Structure formats: structure tokens, C-alpha cells
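Subject: Structure for you to look at

Hello,

Here is the structure I promised to pass on. Please open it first, then read my notes beside it.

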Amino acid sequence: MKAIVQHRYGGPETLEYADIDPPTLGPDDVLVRVRAAAVDAGVRHLMSGVPWLIRPVMGLRRPRQPVPGIDAAGVVESVGSAVTDLRPGDPVVGAVRGAYAELARARRQRWVRIPDGISFDTAAAIPTSGTTALLAVRDTGRVRPGQRVLVTGAGSGVGSYVVPLAVRAGARVTGMCRPEKADLVASLGAQEVVGYDQLTGSRDRWDVIIDIAGNTGLTGLRRLLTPRGTAVLVGGEGKGGLFAGFDRQLRALLVSPFVPEKLKPLTAVTRATDLAELLTLVQQGELRPVVDRTFGIGEVADALAYTWSGSAAGKVVITF
Ligand SMILES: NC(=O)c1ccc[n+]([C@@H]2O[C@H](COP(=O)([O-])OP(=O)(O)OC[C@H]3O[C@@H](n4cnc5c(N)ncnc54)[C@H](OP(=O)(O)O)[C@@H]3O)[C@@H](O)[C@H]2O)c1
């Protein structure tokens with residue numbers, strides 16, 4: 001099968017379009033012919049091996065999984081002997097490793113059936129970013145009606161889900177993003193949109209901050225919180241290969257017990273139940289994934305570079 005492969009850690013320059021053997025199927029596996037796959041910051045971490053902390057698990061010298069991509073939507077090609085509730089031809093989506101290939105294999109429980117009326121491009125844009133946003137708003141931030149919520153990186157892949165989900169939870173949302181995404185963030189339901197340096201010295205306070213951009217220190221976040229407010233630390237691409245921003249999450253864990261505000265790092269895991277919940281919201285027209293651009297499989301390097309420049313408004317999708 002054709003696939004994008006990577007034999008050493010690095011950026012888009014390490015990718016090749018090659019013929020490789022298709023994955024073999026175990027009894028609990030489902031093999032899917034990929035029609036669309038998404039790009040996100042997680043792909044960059046796995047491709048670059050940064051933070052280095054992930055390398056003992058992901059491969060010390062090179063990625064253990066040579067095919068990048070972690071979100072795929074497509075059509076079931078074949079199922080393992082123990083899989084009884086999916087058949088060839090069924091449309092499915094999931095957070096699965098090795099998404100940038102003609103065929104992707106994962107355990108049955110990682111795939112969710114795509115409801116009628118949702119395209120492969122739209123479905124592929126949901127798993128990692130959508131479920132991270134759901135966990136941030138519902139479980140870690142515990143956003144309640146009437147609360148003021150500040151979302152940094154509101155125009156990112158994750159942010160484009162956090163804003164409407166927080167609005168849906170009844171919050172009054174302030175979206176912080178670069179100026180060119182202000183209209184998008186307002187269209188997602190944010191009552192107020194601000195730029196990155198606009199809150200320096202501000203006396204405004206928020207009940208919950210969902211920090212996706214990650215370029216504000218813990219003290220800066222605390223200054224913007226109500227006395228018992230909650231900061232959910234989702235993202236941030238800090239300097240230094242070892243931690244690359246993850247050190248801020250660790251510091252938050254250490255500091256939080258000793259301050260009145262709650263500083264909560266989020267480590268999202270994509271669960272099928274959460275993905276199914278988001279797909280239902282999309283089918284009912286209550287949530288609209290934002291797909292900024294689609295790229296062909298021969299343009300993966302361009303798709304990655306575009307997303308990682310921070311220019312993408314919402315999600316970028318690769319189509320097969
Ligand atoms: N904790 C978890 O489990 C988890 C799960 C998923 C993702 N994440 C993290 O969440 C962050 C967002 O992920 P994503 O997939 O949504 O990424 P993305 O779509 O590539 O968006 C990154 C966003 O960061 C903002 N940004 C602020 N300063 C930037 C800069 N100097 N350069 C580039 N972008 C900058 C931009 O938002 P604006 O345009 O709105 O300003 C940009 O859209 C990443 O750090 C990722 O690692 C964490």
C-alpha cells in the first residue's frame with residue numbers, strides 16, 4: 001500500500017511517499033481504507049520525538065510507528081475474526097496511529113461508526129482535537145452556566161471545539177487568538193475576542209481559563225483567574241527538547257495545592273464514547289467542525305508546515 005513514512009525523527013523533510021506492506025489483522029482489529037486524516041500538534045510531537053520524554057515509549061532513535069498521523073476516517077476494508085459489529089463498507093472514524101496511509105489498522109474499540117450526513121473530511125477533523133476540547137470543558141474545567149471562560153489559542157484545532165462547547169455549556173466565552181482568526185472565533189460563539197497582549201495588566205477575571213496557546217506563565221494565568229478559579233493547561237510548545245512546555249504542566253501540579261486557584265494539567269485520552277458524543281452533536285447541527293483547508297496525500301509536507309505555522313483556522317485535513 002502507499003503510505004507516508006518516516007525513518008528518523010524530524011520535520012516534514014523526513015517524510016517519504018512509499019510502498020509498504022499493509023498492516024496484518026489480529027482477531028480484535030479493524031482495517032480501514034483511509035479517506036481523510038487530520039493534522040494536529042500531536043503529529044508534530046510524534047514526528048519530531050519532542051519532548052524527548054516521549055522517546056522511551058515512542059522509539060528511542062526513530063519513531064517505532066513509521067507512518068505518522070493519529071486521526072483517520074474511512075471505510076472498513078476487513079475485520080478480525082472476533083469483530084462482529086462492523087462489516088466491510090461501514091464508514092468509521094477514530095484516533096489511530098499510522099493514519100497517513102491507504103490502510104490503517106486499530107483495535108475495534110478505537111473506531112466509531114460515522115453517522116449519516118457527516119463527510120469523511122469532517123469526521124477526520126474530530127477525534128483528537130474534539131475529544132481534548134470535550135475533556136477540557138466538561139471534565140477538567142467543569143464549565144457551568146453563567147461562568148466566564150477565557151480560551152487562549154481559540155482559533156486552533158482544539159480551540160475551535162473548546163469555544164462552542166463552552167458556549168453550549170452556558171458560559172460567557174472570551175476567545176484569545178491572533179487577529180486574523182477573530183471573526184472565526186466570534187462566529188463560534190465567543191462573546192468577546194481579544195489579542196494575545198491585550199490582557200496584560202487587565203483587571204478582568206475569569207472563572208475558568210482553558211489555556212491552549214500555553215504562552216502565559218502560571219503567575220500570569222493566576223492573575224486572570226477569580227480567587228477560586230480553574231486554569232486547564234492544555235497546550236504550549238515551550239523551548240527545550242527535554243520537556244518542550246511540559247515542565248509548565250509539572251510545575252502546575254506542584255504549585256496548585258498551595259494556591260487558592262486550581263491549576264490543572266490535562267492529558268487527554270481519546271475515548272470512543274466521547275467521540276461518539278461529538279459525532280452526534282455534529283449530526284444534530286449543534287457543533288460544527290472547522291476545516292480550514294484540505295490537502296492531497298502528495299501534499300502532506302505542505303499540510304504539516306501550514307498547520308504548524310499557526311496559520312490554520314481550526315483543522316487541516318489530508319484527503320486520500
Ligand atoms: N493536553 C493534551 O492532552 C493535548 C491534546 C491535544 C493538543 N494539545 C496541545 O494543544 C495545543 C494546540 O493543539 P492543536 O492541535 O489545536 O494545534 P494547532 O491547531 O496547530 O494550533 C496551535 C495554535 O496555537 C496558537 N499559537 C499561539 N502562539 C503560537 C505560536 N507562536 N506559533 C504557532 N501557534 C501559536 C495559535 O492559536 P490562535 O491562532 O488561536 O492564536 C495556533 O492556532 C498544542 O500545544 C498541543 O500540543 C494538548
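How many residue pairs are in polar contact between domain 1 and domain 2? There are five, counting pairs with both residues at pLDDT 80 or more. Keep in mind that this is a predicted model.

**The two domains**

Start with the layout. Domain 1 covers 2-125 + 290-319, and domain 2 covers 130-265. Their C-alpha centres lie 27 Å apart. Domain 1 brings 16 residues to the contact, and domain 2 brings 15 residues.

Interfaces are often sized by the accessible area lost when the parts come together. Here the area buried between domain 1 and domain 2 is about 1,200 Å². Carbon and sulfur atoms give 59% of that area. On the domain 1 side, look for W52, L53 and V290. These residues supply 35% of the area that domain 1 buries against domain 2, more than any other three residues.

No salt bridges were found between domain 1 and domain 2; the count is zero. Helix 1 (residues 41-48) gives the most to the side of domain 1 that touches domain 2, with three residues. That side of domain 1 is made up of nine nonpolar, five polar and two charged residues.

**Two backbone points**

Most residues other than glycine have a negative phi, and most peptide bonds are trans. Two places here are worth checking against that.

P51 sits in the loop between helix 1 and helix 2 (55-58).

R142 lies in the loop between helix 4 and strand 8 (148-152). Is R142 buried or exposed? R142 is exposed, because its relative accessible area is 51% and the cut-off for exposed is over 50%.

**Helix 4**

Helix 4 (residues 127-140) is mostly covered. Twelve of its 14 residues are buried. Among them are P127, L134, L135, V137 and T140.

**Salt bridges**

Side chains of opposite charge can pair when their charged atoms come close. The count for this structure comes to 16 salt bridges.

Look at R138 next. Its side chain meets that of D274 in a salt bridge (3.0 Å, N to O). D274 lies in helix 9 (residues 272-283) and R138 in helix 4, so this pair ties together parts that are 136 residues apart in sequence. D274 counts as buried, at 3% relative accessibility. R138 counts as partly exposed, at 30%.

R138 also meets E277 in a salt bridge (3.2 Å, N to O). E277 lies in helix 9 and R138 in helix 4, so this pair joins parts that are 139 residues apart in sequence. E277 is partly exposed, with a relative accessible area of 35%. A network of salt bridges links R138, D139, R271, D274 and E277.

Another pair to find is E261 and R222. Their side chains meet in a salt bridge (2.7 Å, N to O). E261 lies in the loop between helix 8 (246-255) and strand 13 (262-265), and R222 lies in helix 7 (residues 218-223), so the pair ties together parts that are 39 residues apart in sequence. E261 counts as buried, at 8% relative accessibility. R222 is partly exposed, with a relative accessible area of 28%.

Best wishes

Conventions: Residues numbered from 1 in each chain as written. Predicted model: local features only at pLDDT ≥ 70, side-chain atom pairs only at ≥ 80, totals over all residues. Heavy atoms only, no water. Domains from an automatic or database assignment. Contact = heavy atoms within 4.5 Å. Buried area = accessible area lost by both parts, 1.4 Å probe. Salt bridge = Lys/Arg side-chain N within 4 Å of Asp/Glu carboxyl O. Polar contact = N/O pair within 3.5 Å; in protein donor to acceptor, adjacent residues only side chain to side chain. Helix = DSSP H or I, 4+ residues; strand = E, 2+ residues; numbered from the N terminus. Nonpolar A, V, L, I, M, F, W, Y, C, P; charged D, E, K, R; others polar. Buried < 20%, exposed > 50% of the residue type's maximum accessible area, 1.4 Å probe, protein only.
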